[in-house]
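Please look at the structure shown here before reading on. The text below then goes through parts of it step by step.

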Amino acid sequence: MNTTTPTQTLDAILEIYARPFNDLIFEAQRVHRLHFDPNAIQCSTLLSIKTGGCSEDCGYCSQSVHHRTALKAEALMDIEQVRAAAQEAKANGAQRLCMGAAWRSPHDKDIEKVAAMISVVKEYGLESCATLGMLKPGQAERLQNAGLDYYNHNLDTSPEFYGEVIHTRSYQDRLDTLEAVRDAGIKICSGGILGMGESRRDRARMLQVLAQLPQAPESIPINALVPIPGTPLETAEPIDGFEFVRTIAVTRILFPSAYVRLSAGREAMRDELQALAFLAGANSIFLGDRLLTTGNASTGHDQALFKRLGLHPSGSCFHA
């Protein structure tokens with residue numbers, strides 16, 4: 001079972017945040033080495049199986065019908081498209097294929113189609129992950145029966161700041177979905193987005209909520225906002241790089257045995273910033289040049305960066 005440290009009060013988390021940078025990184029690296037190979041990075045691939053047309057109004061998202069973006073809505077992929085993507089992910093060395101659909105909440109007929117996709121992913125020996133929005137009773141169990149390993153449902157930010165970003169779904173809705181997923185026996189992937197105008201207190205509060213779940217998430221993505229033209233957050237100020245790395249380090253200290261994923265925003269990050277994030281305890285990335293609808297660092301660039309840093313994939317990333 002994934003466990004967190006006993007330090008879960010907001011003031012205690014903020015005290016960790018405020019440590020001198022060198023001390024914070026040293027502690028995060030110490031904790032990281034107790035639970036992981038410090039030079040191994042887990043690799044996943046993210047596939048948009050249903051793009052655009054979402055009825056939610058998340059201020060950062062190009063897929064919302066509430067925003068005027070250049071994105072065109074697309075229908076749910078067919079099973080053979082998913083098979084081809086699974087083959088490519090396997091060939092590129094990913095250990096996990098994550099499938100995302102732009103739904104507020106899937107219908108039962110959608111769940112049946114996704115269940116078939118999960119079975120295809122499992123045929124290739126890949127771990128499976130899905131992010132489909134809110135789940136109704138029984139839907140999580142159906143996904144678990146199909147072999148789903150992880151379900152992604154991010155908290156995004158603190159309960160207090162949440163209403164500044166999203167108005168069509170409550171914070172409790174997100175917690176209810178995480179509870180349904182956990183009750184069904186599926187591992188949880190849940191984290192947040194930095195750079196939406198939130199404060200450090202909001203970032204610490206989000207981590208506190210994750211730490212107070214009955215069982216900690218096994219995977220925690222930390223995203224840097226990618227501002228998208230046509231969304232309410234298109235002019236948001238980028239998160240300070242050191243603050244981003246501090247959040248990675250605090251996450252590692254609070255969640256010693258979770259995978260901490262350096263997720264969206266990597267395309268715009270200098271190699272030096274990514275190296276600091278790995279030093280702070282990030283040990284998971286997405287491969288490929290797309291993350292649903294936004295850009296990502298190319299596999300070739302990742303391969304070169306790993307070589308420069310002496311990192312190696314946990315598993316079989318970067319097949320020759």
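What follows treats a helix, then pairs of aromatic rings, then charges placed over rings.

The model is predicted. Start with helix 2, which covers residues 21–35. Its 15 residues, at 1.5 Å a residue, should span 21 Å. The C-alpha atoms at its ends are 22 Å apart, which agrees with that expectation. Several residues of helix 2 are buried: F21, L24, I25, E27, A28, Q29, V31 and H32. Among the elements that cover these buried residues are helix 1 (10–17), helix 8 (241–254) and helix 9 (271–279).

Next come the aromatic rings. A pair of such rings is described by the distance of the centres and the angle of the planes. A search of the whole structure finds four aromatic pairs. One of them joins F36 and Y259: the ring centres are 5.2 Å apart and the planes stand at 55°, so this pair is tilted. F36 lies in the loop between helix 2 and strand 1 (40–50), while Y259 belongs to strand 8 (residues 259–262), so the pair links parts of the chain that are 223 residues apart. F36 has 15% relative accessibility and therefore counts as buried, whereas Y259, at 25%, counts as partly exposed.

Y162 and Y171 form another pair, with ring centres 5.2 Å apart and planes at 85°, so the pair is edge-to-face. Y162 counts as buried because its relative accessibility is 4%. Y171 also counts as buried, at 9%.

Rings can be looked at together with charged side chains as well. R96 lies over the face of Y150, 3.7 Å from the ring centre. The charged end of R261 sits over the ring of F286, at 4.4 Å from its centre.

Terms used:
Residues numbered from 1 in each chain as written. Predicted model: local features only at pLDDT ≥ 70, side-chain atom pairs only at ≥ 80, totals over all residues. Heavy atoms only, no water. Helix = DSSP H or I, 4+ residues; strand = E, 2+ residues; numbered from the N terminus. Expected span 1.5 Å × (residues − 1). Buried < 20%, exposed > 50% of the residue type's maximum accessible area, 1.4 Å probe, protein only. Contact = heavy atoms within 4.5 Å. Phe/Tyr/Trp six-rings, centres within 6.5 Å; stacked < 30°, edge-to-face > 60°. Lys NZ or Arg CZ within 6 Å of the ring centre and 35° of its normal.
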